[in-house]
Amino acid sequence: MTCHPRRLPFSPVLALVLLVTPGGAASALDDGLARTPPMGWNSWNALRLDINEDLVKEVVDVLAEEGLRDAGYEYLVIDDGWQFARDDEGNIVVDPKKFPSGIKALADYVHSRGLKFGLYSDAGAKTCGGFPGSLGHEYQDARTYAAWGVDYLKYDWCHSGNQSAPDSYALMRDALKEAGRPIVLSICEWGTSKPWLWARDVGHLWRTTFDIRPCWDCGQQAHSKGVLIENFIGFTKILDQQVDLESYAGPGHWNDPDMLEVGNGELTHEENRAHFSLWCILAAPLMLGNDIRDMAPEVHAILTNAEVIAVNQDPLGRQGRKVRDDGDLEVWSKELADGSRAVVLFNRSESEADIAFSWPEIGLPEYLSLRVRDLWQQEDKGTFDGSYSAPVPSHGVVMLAVR
Ligand code: GLA
């Protein structure tokens, strides 16, 4: 017998509710950009302000020649430190020592290698590195970026004083629109004004936390406006702050738990794999943050695992959620476009542990027999009834596709 869904009469009120509800289909920024989480490389995590055009070109060559562009990493983003001053007409001047050929020439080179080009600025008077920000020059800067061939703008929040975040970011959104070039707008106000509540119609992605560091669970405390905060944090602490944000993400509008630290600092091989798997299941933007010119083969293998990346880039655009939390042992699940699930079993404890989950926990009926594939081992594990269990290394993950 075929079941026919009951047809509802068309209701203008219902249509309006669907349009404005988080998770609904449309938004004012529905401009075709960032339909899946943006992927690329950003200079900040590995290089800080120590950037120049020769170095950036080397990175571009590695992206193009060592399988990274082909794995999906398409944006080359220069973070803070390319600016120098403003000229008499208020135009932004590029640092002539670091980028003697100018940004346009660099963007042309990036495009010639089949990549897209991104740049950084700040909604305040100065960037976090103390260089000129865009405050009062938003339309002028947007026109400059468009003329240079910029495809992606990361827009920071230092020196923003009493500015309103929604207003400041909407101003740059409008300026970019008027400049006439499709540019992804990456909002970087560190989650302080809960951008997931307002940024869906403003930017394509928004940071949800303070800056990531290449460590398991480190954190440095600082004060902001009299409140004790942690102004940089390890990836497990960032992960904890993503819980309950799932419904705000979708095609064209993503929660951004900050750029990848895979291959950086004190992270072990298991931790690198856990960090990458969890960012993939979160549908997080995947911006490489390591110096890819000097990358260990096992790091390259993590960053280019096509089956794991496919989970991140799944066209349904669901952000995965934590479906079980047994203290140090967690299960994360993400619905995929074909109805299957990606699952990450995450072991935060100091020793190997078995982690089990049942089909209902990942939103599937218990009576089904389902095929399980291990995405890191790249191996089919067989067909299972109702549940699955696997040993998971300390500080590590097992990542599965359940179909
Ligand atoms: C802030 C941002 C970082 C980076 C630096 C640059 O801290 O959160 O991602 O862009 O500024 O100065």
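How many aromatic pairs does the structure hold? This predicted model holds 13 aromatic pairs. One of them joins Trp216 and Phe235 in an edge-to-face arrangement, with 5.6 Å centre to centre and 85 degrees between the planes. That pair links distant parts of the chain, since its two residues stand 19 residues apart. Trp216 belongs to the loop between strand 9 (211-212) and strand 10 (219-224), while Phe235 is in helix 8 (residues 235-240).

Now let us turn to the ligand. The space that the ligand takes is the largest pocket. Around the ligand you will find Trp44, Asp79, Asp80, Tyr120, Cys128, Gly129, Lys154, Asp156, Cys188, Trp190, Arg207 and Asp211. Sorted by class, this shell has 6 charged, 5 nonpolar and 1 polar residues.

How much of the ligand's accessible area does the protein cover? On its own, the ligand has 310 Å² of accessible area, and the protein covers 94% of it. If you are looking at the structure, Asp79, Asp80 and Asp156 are handy places to begin, as each is among the residues that surround the ligand.

Note on methods: Residues are numbered from 1 along each chain as its sequence is written. This is a predicted model: local features need pLDDT of at least 70, side-chain atom pairs count only at pLDDT 80 or more; totals for chains, interfaces and linings use all residues. Side-chain values use heavy atoms; hydrogens and water are left out. A residue is near a molecule or strand if one of its heavy atoms lies within 4 Å of it. Accessible areas come from the Shrake-Rupley method with a 1.4 Å probe; for residues, only the protein chains shown count as cover. On a 1 Å grid over the protein atoms alone, a cavity is a set of points where a 1.4 Å probe fits but cannot get out, and a pocket is an open set with protein on both sides within 12 Å along at least five of seven lines; lining residues have an atom within 4 Å of a point. A molecule sits in a cavity or pocket if more than half of its atoms lie within 2 Å of its grid points. Ala, Val, Leu, Ile, Met, Phe, Trp, Tyr, Cys and Pro count as nonpolar, Asp, Glu, Lys and Arg as charged, and the others, Gly among them, as polar. Rings of Phe, Tyr and Trp (its six-membered ring) pair if their centres lie within 6.5 Å; planes under 30 degrees apart count as stacked, over 60 as edge-to-face and the rest as tilted. Helices (H or I, at least four residues) and strands (E, at least two) are DSSP runs, numbered from the N terminus.
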